[in-house]
Amino acid sequence: MATVPLDILLLEDTDTDAELVERALRRGEMAFTLRRADNETDFARELHENLPDVVLADYRLPSFDGLAALRIVRQLSADLPFLIVSGTLGDEKAVEVLKLGATDYVLKDRLNRLAPAILRARQEITDRLARHRAEGLVEQSRRIESLGRLATTMSHEFNNVLMMIQVAATQLEQRSSPVVAAQLAKRIGDAVRRGQRITSDVARFTRPAQLNLQPLNLNAWAAAFSGEIRGLLGIGVTLQVEPSSEDLNVRVDQQQLEQVLTNLAINARDAMSRGGRATLTIEEVVLGEKTYAEIAFSDTGVGIEPDVLTHIFEPLFTTKRSGTGLGLAVCYQVIAAHGGQMYAESTPRVGSVFHILLPRVAG
């Protein structure tokens with residue numbers, strides 16, 4: 001099979017230097033066609049008429065330079081090999097052009113490096129694209145696997161729900177006692193509500209609601225919402241609220257934030273079946289140059305084993321017989337959509353703490 005010539009666009013205003021570049025490419029035994037531009041207008045026209053395989057650009061031209069040419073090229077393609085060909089280029093300038101996105105640079109008194117540099121750049125691009133394709137296939141495989149787990153979970157959970165309804169309905173037909181009928185009706189209602197919760201979790205995970213961002217003072221919010229959390233925790237579990245020493249404000253969808261805390265409160269209640277203490281703490285956290293408002297929710301429950309802790313935010317991962325494995329995954333997704341972070345720490349038989357970090361904003 002014949003080799004397809006490389007389409008090379010050269011930005012060079014000196015005839016002699018352009019001829020030297022062409023000779024260097026021929027000595028490198030490359031199959032190529034060479035187009036040339038010596039000003040910005042011609043360079044832009046050549047790019048848009050037919051995107052080349054490689055761009056070579058002189059660093060300095062009378063009214064145009066290699067960095068300006070580089071910016072134009074990068075607007076069109078992030079992967080197009082772009083090499084600076086310069087008479088002189090100090091170390092600082094060399095670092096600058098590479099940081100700005102140039103693939104490589106070659107000095108004009110070392111044009112014997114030009115052909116190998118082009119071939120190396122082309123190979124790097126090929127390898128990178130192949131790697132991206134492979135990563136895309138792996139991600140696609142993971143999504144298909146997740147969809148398979150989702151379908152299996154949905155099938156299993158709804159079979160359980162339907163079986164409970166069927167058994168209760170059969171018993172309801174066979175027994176006429178009002179007391180028994182009321183108990184069976186309650187079981188049917190519980191099963192229906194469980195089915196609704198499953199579909200709600202799946203819908204929230206696969207189609208996240210649009211955020212309705214509003215300013216929120218976390219100290220005031222925690223004081224107001226603590227009553228609902230106490231109700232979720234139930235008898236035997238106390239709740240302690242520890243506000244920050246100063247007001248911390250965030251921009252959040254309050255309803256979605258409260259859904260996250262509701263899920264954490266239910267999990268904490270389940271972990272403290274024999275009673276215990278939950279703590280809701282608001283404080284400021286600085287990570288690098290970013291300032292966050294942290295909501296920490298801790299419990300004194302049974303804790304989470306280390307091998308389980310690393311998977312708790314994964315979709316469809318659950319250790320509960322009645323769980324769908326979507327609750328914490330939805331929580332993580334909600335906080336990430338707010339530009340925040342969420343993580344957990346836990347010690348078995350001591351308790352757990354869930355950290356929610358949200359970007360702090362001015363009051």
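Let's start with helix α2, which lies across β1, β2 and β3 and runs at about 165 degrees to β1. Helices and strands here are DSSP runs, H or I over at least four residues for helices and E over at least two for strands, numbered from the N terminus. The angles run from 0 to 180 degrees between N-to-C directions, with axes fitted as lines to C-alpha atoms, for helices over the stretch in contact.

Before going on, a word on the model: it is predicted, so local features need pLDDT of at least 70 and side-chain atom pairs count only at pLDDT 80 or more, while totals for chains, interfaces and linings use all residues. Residues are numbered from 1 along each chain as its sequence is written, and side-chain values use heavy atoms, with hydrogens and water left out.

Five strands form an open sheet in the order β2-β1-β3-β4-β5, with parallel pairing; two strands pair if DSSP finds at least two bridges between them. The edges are β2 (32-37) and β5 (104-107), each pairing on one side only. On average, neighbouring strands of this sheet are turned by 25 degrees against each other, direction ignored. Between β3 and β4, which run parallel, there are four bridges, and A57 has I84 in β4 as its bridge partner. Helix α1 (residues 15-27) also packs on this sheet, touching β1, β2, β3 and β4, and its direction makes about 165 degrees with that of β2.

Which residues of helix α3 (residues 66-76) are buried? They are G66, L67, A68, A69, L70, I72 and V73, where buried means under 20% relative accessible area, exposed over 50%, and partly exposed in between, using a 1.4 Å probe and protein chains only. Their cover includes β1 (6-11), α2 (40-49), β3 (54-58), β4 (82-86) and α4 (91-99), with contact meaning heavy atoms within 4.5 Å.

On to the aromatics. The structure holds four aromatic pairs; rings of Phe, Tyr and Trp (its six-membered ring) pair if their centres lie within 6.5 Å, and planes under 30 degrees apart count as stacked, over 60 as edge-to-face and the rest as tilted. One of them is F43 with F64, a tilted pair at 6.0 Å centre to centre and 55 degrees between the planes. This pair links distant parts of the chain, since F43 sits in helix α2 and F64 in the loop between β3 and α3, 21 residues apart.

Another tilted pair is F313 with Y332, at 5.2 Å centre to centre and 45 degrees between the planes. F313 lies in the loop between α9 (306-309) and α10 (327-337) and Y332 in helix α10, so the pair ties together parts 19 residues apart in sequence. Y332 has 40% relative accessibility and therefore counts as partly exposed. Ring pairs link F313, Y332 and F354 into a cluster.

The β9 and β10 hairpin has two residues between the strands, and G288 takes a positive phi near 65 degrees.

Where is H355? In strand β12. Its relative accessible area is 9%, so H355 is buried. The side chains of H355 and E294 are joined by a polar contact of 2.7 Å, meaning a pair of N or O atoms within 3.5 Å; within protein, one must be able to donate a hydrogen and the other to accept it, and residues adjacent in sequence count only if both atoms are side-chain atoms. Leaving aside residues up to four places away in sequence, H355 touches E294, I295, A296, Q341, M342, Y343 and E345.

My last stop is R349, in the loop between β11 (341-347) and β12 (351-359). R349 has a positive phi near 70 degrees, in a residue other than glycine. With a relative accessible area of 68%, R349 is exposed.
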